[in-house]
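Open the structure in your viewer and keep the selection tool at hand. The tour goes from one selection to the next.

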Amino acid sequence: PPGILGSQIFYIETAGGGREIYQFRKDFPELALGDEVSASGVVSEAVNGRRLKVSKKNDITILGKKDAPEPEEINLADLSDNLIASLVKISGEVLETKGSDKFIIVLDEGEILVYIKPTTGIADLDLAEGDAVTVTGILMKTKEGWRILPRSSDDIEGERVHEPQAAASGKNPTALSKNSAITIILSALGASGASAVFLGIKFKD
């Protein structure tokens with residue numbers, strides 16, 4: 001729904017993949033996860049994939065309610081522009097974390113960036129190098145490379161593999177505050193699957 005990954009946008013799954021819906025005035029109807037919608041507006045191409053610009057609230061119609069979409073389980077070999085703005089899931093191992101509003105993108109083969117926006121409310125994320133992690137989120141492509149945007153803390157499942165050095169020394173491990181961004185670099189593990197499509201959309205040039 002609007003407000004989770006940005007005040008002017010939300011994402012839907014269509015038969016053609018994920019789409020970003022944009023409204024400059026932030027004037028959206030009340031939307032919830034799993035709502036089936038139809039939207040009309042102007043299609044544009046952005047670095048993050050195909051975007052539909054709607055001009056007013058009435059351009060979006062709620063058709064009904066369905067189960068929330070299931071993410072598509074992928075590995076790095078599956079990354080393609082067709083998956084941009086889609087809900088995906090990837091499993092791997094934490095390589096590096098940085099708990100600040102600045103982040104480093106590692107582009108070496110076998111790694112992907114997970115970026116947590118402050119608007120998600122995800123906080124107190126305790127991850128250490130070597131931890132096994134499964135992340136669900138919206139797949140994005142920027143000029144710097146690929147990234148995944150989790151929507152809530154439920155999108156991040158971690159398993160402590162190594163005791164953090166800070167804990168071993170008696171210090172508290174670094175936590176993520178609501179006003180911070182964090183970079184998690186994952187070495188992807190193999191996975192495959194299919195996403196559930198449940199939302200409809202109409203495009204008007």
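Start by selecting Thr-134 and whatever surrounds it. Leaving aside residues up to four places away in sequence, Thr-134 touches Lys-89, Ile-90, Ser-91, Asp-155, Ile-156 and Glu-157. Bear in mind while looking that this is a predicted model.

Now show the side chains of Thr-134 and Ser-91. A polar contact links these two side chains, at 2.9 Å. Thr-134 itself is part of strand 10. Is Thr-134 buried or exposed? Its relative accessible area is 18%, and the cut-off for buried is under 20%, so Thr-134 counts as buried.

**Along strand 10**

Select residues 132–142, which make up strand 10, and find Leu-139 in it. Leu-139 is buried, and its relative accessible area is 0%. Next, show the neighbours of Leu-139. Not counting residues up to four places away in sequence, the contacts of Leu-139 include Leu-79, Leu-83, Ile-84, Ala-85, Ser-86 and Val-88. Ile-112, Trp-146, Arg-147 and Ile-148 are also among the residues that Leu-139 touches. Then pick the C-alpha atoms of Leu-139 and Val-114: they lie 9.3 Å apart in space, while the two residues are 25 apart in sequence.

Move to the start of the chain. Here an open sheet has four strands in the order 1-2-5-4, and the pairing is mixed. Strand 1 (9–14) and strand 4 (42–46) are at the edges; each has a single partner strand, so one side of each lacks a neighbour in the sheet. From one strand to the next, the twist averages 35°.

In general, the strands of a sheet pair through backbone hydrogen bonds, and the pairing is either parallel or antiparallel. Both kinds can be looked up here.

- Select strand 1 and strand 2. They pair in the antiparallel sense over six bridges, and a hairpin of two residues joins them. Look for Ile-9, which stands opposite Tyr-22 in strand 2.
- Select strand 2 (residues 17–22) and strand 5 (residues 49–53). These two run parallel and are joined by three bridges. Glu-20 stands opposite Arg-51 in strand 5, and Ile-21 has Leu-52 of strand 5 as its bridge partner.

How many of the six residues of strand 2 are buried? Six of the six are, so strand 2 is largely enclosed by the rest of the structure.

**The whole chain**

Zoom out and colour by secondary structure. The protein chain has one helix and 13 strands. Along the sequence the pattern is β-β-β-β-β-β-β-β-β-β-β-β-α-β. Of the 205 residues, 42% are buried. The chain exposes about 10800 Å², of which carbon and sulfur atoms supply 46%. Among contacts with a separation of 6 or more, 75% are between residues 24 or more positions apart.

Last, colour by pLDDT. The mean for the protein chain is 74, and 70% of the residues reach 70 or more. Which element has the highest mean pLDDT, and which the lowest? Strand 6 (residues 60–65) has the highest, 95, and strand 13 (residues 182–188) the lowest, 42. Select residues 100–108: pLDDT is below 50 there, and the stretch has 21 contacts in the model beyond near neighbours in sequence. Finish with residues 164–205, where pLDDT stays under 50 and the model has 146 contacts beyond four places in sequence.

Notes: Residues are numbered from 1 along each chain as its sequence is written. This is a predicted model: local features need pLDDT of at least 70, side-chain atom pairs count only at pLDDT 80 or more; totals for chains, interfaces and linings use all residues. Side-chain values use heavy atoms; hydrogens and water are left out. Two strands pair if DSSP finds at least two bridges between them. Axes are lines fitted to C-alpha atoms, for helices over the stretch in contact, and angles run from 0 to 180 degrees between N-to-C directions. Buried means under 20% relative accessible area, exposed over 50%, partly exposed in between (1.4 Å probe, protein chains only). Contact means heavy atoms within 4.5 Å. A polar contact is a pair of N or O atoms within 3.5 Å; within protein, one must be able to donate a hydrogen and the other to accept it, and residues adjacent in sequence count only if both atoms are side-chain atoms. pLDDT is the predictor's confidence in each residue, from 0 to 100. Accessible areas come from the Shrake-Rupley method with a 1.4 Å probe; for residues, only the protein chains shown count as cover.
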